[in-house]
Amino acid sequence: MPKSKRNKAVTLSKTKKKGREHKENIVNSIREAAENYESVYVFTYENMRNLKFLEFRTQLKSSSRFFLGSNKVMQVALGRSVSDEIKPGLYKVSKFLRGDCGLCFTNLPKEEVQRLFNEHEDYDFARTGSMATEKVELKEGPLDQFTHEMEPFLRKQGMPVRLNKGVVELVSDFVVCEEGKPLSPESARILRLLDIKMATFRLHLVCRWSSEEFEAYQGQEDSDSEAS
């Protein structure tokens, strides 16, 4: 009997990793962008959604270029001190590359950049581990939004349900999530079924550099003093 390919062992050491060449390409791309665009911003993000971010990038494609990735690689590209910065004052930008952040190189006026970033918000379903933004509680009784076929699935999520004449029914009150507490996998699934979106994808500008000036935005004073 032929051996099943599904059970074939795979040596992880043979898988390709993003090595030195990949990092050098990013460094070169960032340095090229620094030459071609008038200003660069550091931005942070909350509840990253790749599709939503791609839409935002596409919207600004003709005037801007974005980079997300290793903060250390981006710091190396810009320069981490006066001695190795690629343009005067750019090392200050590196000081703000920490946590969940990225770079935006652009030719847009700063007022337009600020408006676009401040206005960009997208709501989505929260993922496991996210903090609940409100308490969601279902009361005892029929759950008309669910079909009878869903009763076994709901029970697996910990909901005290039963079928009553073909209608899904809660036999007691049930708390899906508590405000300020992390969502369990079951809670996240139930919220999705209830069409309750608790995650907001936002972008926040941290600082801006151009050949004329460098500025840190409100709430970044501590980092600004380190960069000066």
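I count two strands as paired if DSSP finds at least two bridges between them. Helices (H or I, at least four residues) and strands (E, at least two) are DSSP runs, numbered from the N terminus.

The model is predicted, so I keep to its limits: local features need pLDDT of at least 70, side-chain atom pairs count only at pLDDT 80 or more, and totals for chains, interfaces and linings use all residues. Residues are numbered from 1 along each chain as its sequence is written, and side-chain values use heavy atoms, with hydrogens and water left out.

**Strand E10**

I looked up the partners of E10. Strand E4 (residues 121-124) runs antiparallel to E10, joined by 4 bridges. Here Asp122 has Phe201 of E10 as its bridge partner.

Strand E1 (residues 39-46) is also antiparallel to E10, with 8 bridges. I noted Val40, whose bridge partner in E10 is Trp209.

Next I checked E11 (residues 214-216). Its pairing with E10 is antiparallel, over 3 bridges. Cys207 has Ala216 in E11 as its bridge partner. The two strands, E10 and E11, form a hairpin with 3 residues between them.

Then I checked burial (buried: under 20% relative accessible area; exposed: over 50%; partly exposed in between; 1.4 Å probe, protein chains only). E10 spans residues 199-210 and is mostly covered, with 10 of its 12 residues buried.

**Glu151**

I moved on to helix H6 (residues 151-156), which holds Glu151. Is Glu151 buried or exposed? Glu151 is buried, at a relative accessible area of 8%. I then listed its contacts (heavy atoms within 4.5 Å). Leaving out residues up to four places away in sequence, Glu151 touches Val161, Arg162, Leu163 and Val168.
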